[in-house]
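Hi,

Here is the structure I promised to pass on, sequence included. Have a look, and then read on for what turned up.

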Amino acid sequence: MVGHAFMGAAHSQAWRVAPAFFDLPVRPVMSVLAGRDADRTRAAAERLGWAEAVTDWKSVLDRDDVHVVDICTPGDTHAEIAIAALNAGKHVLCEKPMANTVDEAVAMAEAAERAALRGVRAMVGFTYRRVPALGLARQLVAQGRLGRIHHVRAQYLQDWIVDPAAPLSWRLDKAKAGSGALGDIGAHIVDATQFILGDTVAEVSGTLETFVTQRPLASEHSGLSGTASEESGPVTVDDAALFLARFAGGALASFEATRFANGRKNALRIEVNGSAGSLAFDFEDMNVLQFFDGTEDSAVAGFRRIVVTEPEHPYVAAWWPAGHGLGYEHAFTHQAVDFVRAVAEGTDPTPTFADGLQVQRVLAAVETSAASRTWQQV
């Protein structure tokens, strides 16, 4: 694994836990962790369960004991690491957004396509599609329980940088992150809605806004928090993104991604309205899916609160007795399980790098639309 901060910890837990709860065709071995700082990487390897630590990720590409490279670094490094790993014959799991630009994503998708001819697989880490409630939502749509889809409303609301004194991190630097709320959390709701509908965004009209343009530089940083220094620097990404969209199948959609929604901690919310019913989800109540069956008698019809913890629900049978909820980290375990099974079966895990490229095209179209104030085709 390359990188050991927020996502590195989440992925490490997934690799540790997956074989303990799921019947896997092969058992992952956490061989080597790569990071920039030798002391910090060594400490992270010990804490997270990796056998050894290195400071040069390129050094692992020739190792026979490394079959998978898991990329948990900022977006500006994804393309270089992923392409090199695929060319070296390593299966790749890459965090989202897949790249910082469409050109980088194209190069990655092409490398993955070439690698697949040799049996080498690649997947993007859009983890929320592994939440059991969203898996159930996809099943209901695929079964036709919502009928023809008319509307989609998707929001991802956080508040972790609402304080103007919160220090600059790499996520606020366009050179490293590619974009702000749009790519960091907006990418998640694009993928999640496309996953639920089994459809793709075809055109967009958007706007981007940066509310705080200067922030203190970070003297120390960890995950989403840090310590401010006396110096300051420019914020070069968006703080909030709003866009309208139309899906290829005709559904209208609205998307909102912001890190300035005071009081909202991780509110990934999706509502889908169809001709025969509706569904609604909020990650801050992640074990629940709201479902409305429009074919029922109107005298008793209403949104049904489904607690998605039954063994027949996606992924749930491997965990606890019914009613014992899952948490944020479980979706990463499901991601590792799906990746391992696909690689062992010789099939492409999803979302593929081609899927990641499609999301990247949506993000780029929103940026172009915001700059030109026009509708943009994806």
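This is a predicted model: local features need pLDDT of at least 70, side-chain atom pairs count only at pLDDT 80 or more; totals for chains, interfaces and linings use all residues.

Tyrosine 315 sits in the loop between β15 (304-307) and α8, and its phi is near 75°, a positive value in a residue other than glycine. Element names here follow DSSP runs numbered from the N terminus, with helices being H or I of at least four residues and strands E of at least two.

Residues are numbered from 1 along each chain as its sequence is written, and side-chain values use heavy atoms, with hydrogens and water left out.

There are also two cis peptide bonds to look at in the loops. The bond from lysine 96 to proline 97 is cis, with omega near -20°, and proline 97 belongs to the loop between β4 (91-95) and α4. The bond from threonine 350 to proline 351 is cis as well, with omega near 0°; proline 351 lies in the loop between α8 and α9.

Now the helix packing. Axes are lines fitted to C-alpha atoms, for helices over the stretch in contact, and angles run from 0 to 180 degrees between N-to-C directions. On that scale, under 35 degrees counts as roughly parallel, over 145 as roughly antiparallel, 65 to 115 as roughly perpendicular and the rest as oblique.

Take α3 (residues 78-87) and α4 (residues 102-116): their axes come within 9 Å and cross at roughly 10°, so the two helices are roughly parallel to each other. The crossing of α3 past α4 is left-handed (the near helix is turned anticlockwise from the far one by less than a right angle; clockwise would be right-handed). In contact terms (heavy atoms within 4.5 Å), His78, Ala79, Ala82, Ile83, Leu86 and Asn87 of α3 meet Glu104, Ala107, Met108, Ala111, Ala112, Arg114 and Ala115 of α4. By class that gives nine nonpolar, two polar and two charged residues, with Ala, Val, Leu, Ile, Met, Phe, Trp, Tyr, Cys and Pro counted as nonpolar, Asp, Glu, Lys and Arg as charged, and the others, Gly among them, as polar.

α4 also packs on α9, at an angle of about 170° with the axes 9 Å apart, which means α4 is roughly antiparallel to α9. From α4, Val102, Ala105, Val106, Met108, Ala109 and Ala112 meet Phe353, Ala354, Leu357, Gln360, Arg361 and Ala364 in α9. This contact has ten nonpolar residues, one polar and one charged.

And what about α7 and α9: at what angle do their axes cross? For α7 (residues 181-197) and α9 (residues 353-372) it is roughly 125°, with the axes coming within 10 Å, so α7 is oblique to α9. α7 passes α9 in a right-handed crossing.

The search runs on a 1 Å grid over the protein atoms alone: a cavity is a set of points where a 1.4 Å probe fits but cannot get out, a pocket is an open set with protein on both sides within 12 Å along at least five of seven lines, and lining residues have an atom within 4 Å of a point. Points are joined across faces, edges and corners, and a volume is the space filled by probe spheres set on them.

The structure holds one cavity of 30 Å³ or more. The largest cavity has a volume of about 30 Å³, and its lining is Thr127, Tyr128, Val131, Phe283, Tyr328, Ala331 and Phe332, that is, six nonpolar, one polar and no charged residues.

Cheers
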